[in-house]
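Reader: Can you walk me through the charged pairs here? Keep it quick.
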Amino acid sequence: MPGEVMLGREQERTASEAVVPPVRRRRALTPYLLLAPSVIFMAVLFAWPMLQALVLAVQDVDGSMSLDPLARMASDVQFGESIKNTLLLTAVVVPAQVILALVMSLLLMTGLRGGGLFLYAWSIPLGISDLAAGVVWLSIFTDRGYLNSLLVSLGLSETGFAFLSYEHPLSLFLAVAVAETWRATALVMVILIAGLQVIPKDYGEAAEVFGATFWQRLRYVTLPLLRPSIQVALIIRTILAFQVFAVVVALAGRSLPVLAGEAYNWYGSYRNPNVAAAYALLIMLFSLANTGIYLRALRVRDEQLG
Amino acid sequence: VKRLVGHLFGMASLVLTACVPSAPCAPAPTACTSSAPCAPASTSPTPSSTTIRDEQLIFLSTQFTPPREIDPFRRILRSAPVEVNFSSLDTEAFSNRVDALQHAGKVRISLVGGPHADLAPFQRTGYLEELTALMSSLSNREFPEPYRELSRLDTDQYYYVPWTRATYVLVVNKKAMPYLPAGASLDALTYDQLREWGERILRETGQRKLGFPAGERGLLYRFFQGYLYPSFTGSSVVEFRSAAAELMWREFGEVWKVTNPASTTYDWMQEPLENDEVWIAWDHTARLITVLKQRSDDFLVVPAPVGPKGRGYMVVPSGLGIPKQAPNRQGAERLIAYLTEPEQQLATLCELGFFPASGATRPEKLPPGLQRLVKAVAEQEATSDGVLVLPLIGLGARGSELNKVYLDTFSRIALRQEPIPPVLAEQGKLLQDLLNATGAGCWPPDSRSDGPCLVK
């Protein structure tokens with residue numbers, strides 16, 4: 001990642017300048033001063049609301065401490081469904097995105113002609129809000145959408161297929177998974193490209209000299225060196241996958257409940273911020289647990305940090 | 001390429017921060033486009049500045065909150081005798097705001113508007129000015145007695161002036177008429193006949209053409225609270241898990257089998273009606289008027305169907321009140337007089353689909369599609385076996401959770417096909433918990449209760 005590379009150089013520079021003691025004290029304060037605005041920003045706009053949400057999740061509507069919101073959440077008809085759907089979507093979408101993004105970024109790194117154009121085209125979804133992406137895919141999958149028009153005009157179907165109907169849970173799920181994959185693969189790709197760019201070419205060339213095939217180079221050279229980037233991409237994407245919302249709302253409405261959607265419904269439609277906070281708490285726990293697992297499973301040794 | 005990646009990375013982080021969940025967008029509103037003089041002539045367009053100036057009258061409402069309703073209503077306000085700053089909030093934010101201002105003793109709002117259920121709590125807390133003198137000066141508005149009674153809020157003085165009323169009807173595409181079951185008449189359609197109608201369409205065309213607003217922002221719960229339950233059980237709450245209710249859900253399950261399954265994505269029924277996805281649809285009048293105005297030749301309006309206990313229907317009356325210590329009471333009274341003028345009441349119907357509270361309006365001026373709507377609503381309200389349902393009062397912010405009880409019952413029975421009795425028992429318990437927690441008494445058609453309303 002570019003950010004990590006810059007941080008490394010920064011450290012080198014401060015280390016070399018550290019020999020001058022008077023400057024050192026002033027210098028020692030500077031990073032903290034520079035960090036202060038973002039720390040204050042995070043504390044006021046992130047940590048504080050998060051604490052408030054935590055408290056809300058264990059409060060009754062009248063403000064007294066109570067486990068009612070958690071109990072109400074756990075006993076709700078949509079609770080089990082929303083956990084199941086969120087986990088399934090994550091399990092399908094995240095691996096698909098990483099594999100696709102890996103293929104895309106390896107292709108771009110071969111330096112093929114017009115690669116820049118592809119990079120731009122593949123990055124387009126990054127610039128689109130997730131709700132807009134949901135609406136775009138809605139126009140494709142809806143009963144009279146582009147896909148059904150195509151099927152009918154090719155004579156493959158008489159009236160089209162109701163992809164987004166609650167009666168066809170599989171096609172509904174796949175439609176959401178495809179839209180979600182399309183929407184966020186670019187993010188993974190950008191992270192992986194950045195990671196691929198800092199891998200020195202010499203390693204691959206050395207392996208080639210010893211007769212390693214493409215697959216061997218990928219397996220034993222590229223992927224291990226790419227591990228920090230893959231880790232970052234996986235953590236970011238999985239956390240975001242737990243929060244999946246707008247694409248699901250646009251394509252499936254109530255038919256495919258997910259955790260973030262339920263939090264939104266409890267806050268907006270059923271006006272119970274306590275139960276909404278309970279859902280938010282659950283999403284946070286999932287994200288924390290998952291980040292912990294990734295950090296352990298994909299532990300990166302220092303020499304791999306580049 | 002490296003610089004490019006840097007840019008993309010920056011872009012990605014921007015996108016990430018920008019992707020907060022937001023509600024599905026609503027299409028742009030359609031103006032009342034017809035030869036009939038619908039919209040009031042806006043003679044002097046006011047400058048569209050959003051800053052609040054001293055002379056502006058602040059009008060806060062829980063009515064007209066969807067984006068596509070705000071603009072048409074602001075158009076109506078443009079030719080008002082006072083300069084108005086209109087904003088709309090949901091019920092909870094609205095009552096919090098008014099409460100806070102009253103407590104602080106710094107009331108900046110001169111006029112509040114909203115459904116009866118939103119205004120009634122303010123009278124109990126003593127926040128509303130008494131408007132009996134204003135009501136007698138508006139006697140030529142001919143407000144029907146039921147609405148006048150409501151606006152007295154159980155006292156003998158008036159606390160708000162009736163403003164609009166909203167209700168729900170069926171709209172039918174004329175293409176469905178050849179399939180109408182033998183012996184059925186549109187004015188007295190039963191739920192059985194509605195089901196047969198849908199079944200016949202399915203048999204002969206292979207398509208399910210009934211439609212309900214079961215989407216994320218649809219008003220399907222009103223169908224259960226105000227139409228299905230009262231028609232089958234004569235009640236909206238008390239008989240929630242009765243034997244009659246079990247029968248009702250079984251029948252509705254059959255109706256649902258001939259309903260377009262895409263209904264779970266419909267919020268406003270005028271859209272699927274317009275593009276032929278459904279032929280017969282139930283919805284709020286405000287969510288049907290576009291199709292009635294633009295393609296009035298293709299659609300009929302039908303009163304709500306009749307069940308074993310009569311024709312259940314819901315009316316949501318709204319009113320305009322003046323908060324105590326209002327900074328501009330005179331202006332507020334002039335604005336109330338203006339908004340209840342027959343022309344403005346018709347404009348509100350024409351632009352927004354909310355019906356006049358005033359009996360002095362002359363609907364002959366309306367476009368033909370809307371005249372049909374007015375006729376159907378009048379028929380619905382005039383039936384001898386009508387079961388009128390008023391929206392609940394007393395659940396406060398938790399009224400929305402009550403709606404969830406009905407919607408969850410629907411998804412479990414109709415969508416997931418769970419056995420009816422246990423679902424009703426479980427959801428009935430949630431309903432009772434809510435009523436107990438808020439202490440809300442029964443409301444019509446259920447007879448008044450002393451304590452919290454009890455589900456049998």
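Author: A salt bridge here is a side-chain nitrogen of Lys or Arg within 4 Å of a carboxyl oxygen of Asp or Glu. The model is a predicted one.

Reader: What does B:Glu418 form a salt bridge with, and at what distance between the closest N and O atoms?
Author: B:Arg416 is the partner, with the closest N and O atoms 4.0 Å apart.

Reader: Which residues do shared partners join into one network?
Author: A:Arg72, A:Asp76, B:Lys404 and B:Asp408, linked by salt bridges.

Reader: How many salt bridges over all chains?
Author: The count is 26.

Reader: New topic. What does B:Lys456 pair with?
Author: B:Glu239, in a salt bridge with 2.9 Å between the closest N and O atoms. The pair links distant parts of the chain, 217 residues apart. B:Lys456 is in the segment after helix 16 (420-438) of chain B, while B:Glu239 is in the loop between helix 8 (220-233) and helix 9 (243-257).

Reader: Why does B:Glu239 count as buried?
Author: Because its relative accessibility is 19%, and buried means under 20%. B:Lys456 is exposed, with a relative accessible area of 63%.

Reader: Which side chain meets B:Glu254 in a salt bridge?
Author: That of B:Lys257, at 3.2 Å, N to O. Both residues lie in helix 9 of chain B, 3 residues apart, about one turn of the helix.

Reader: And how accessible is B:Lys257?
Author: B:Lys257 is partly exposed at 47% relative accessibility. B:Glu254 is partly exposed too, at 32%.

Definitions and conventions. Residues numbered from 1 in each chain as written. Chains lettered and ligands numbered in written order. Predicted model: local features only at pLDDT ≥ 70, side-chain atom pairs only at ≥ 80, totals over all residues. Heavy atoms only, no water. Helix = DSSP H or I, 4+ residues; strand = E, 2+ residues; numbered from the N terminus. Buried < 20%, exposed > 50% of the residue type's maximum accessible area, 1.4 Å probe, protein only.
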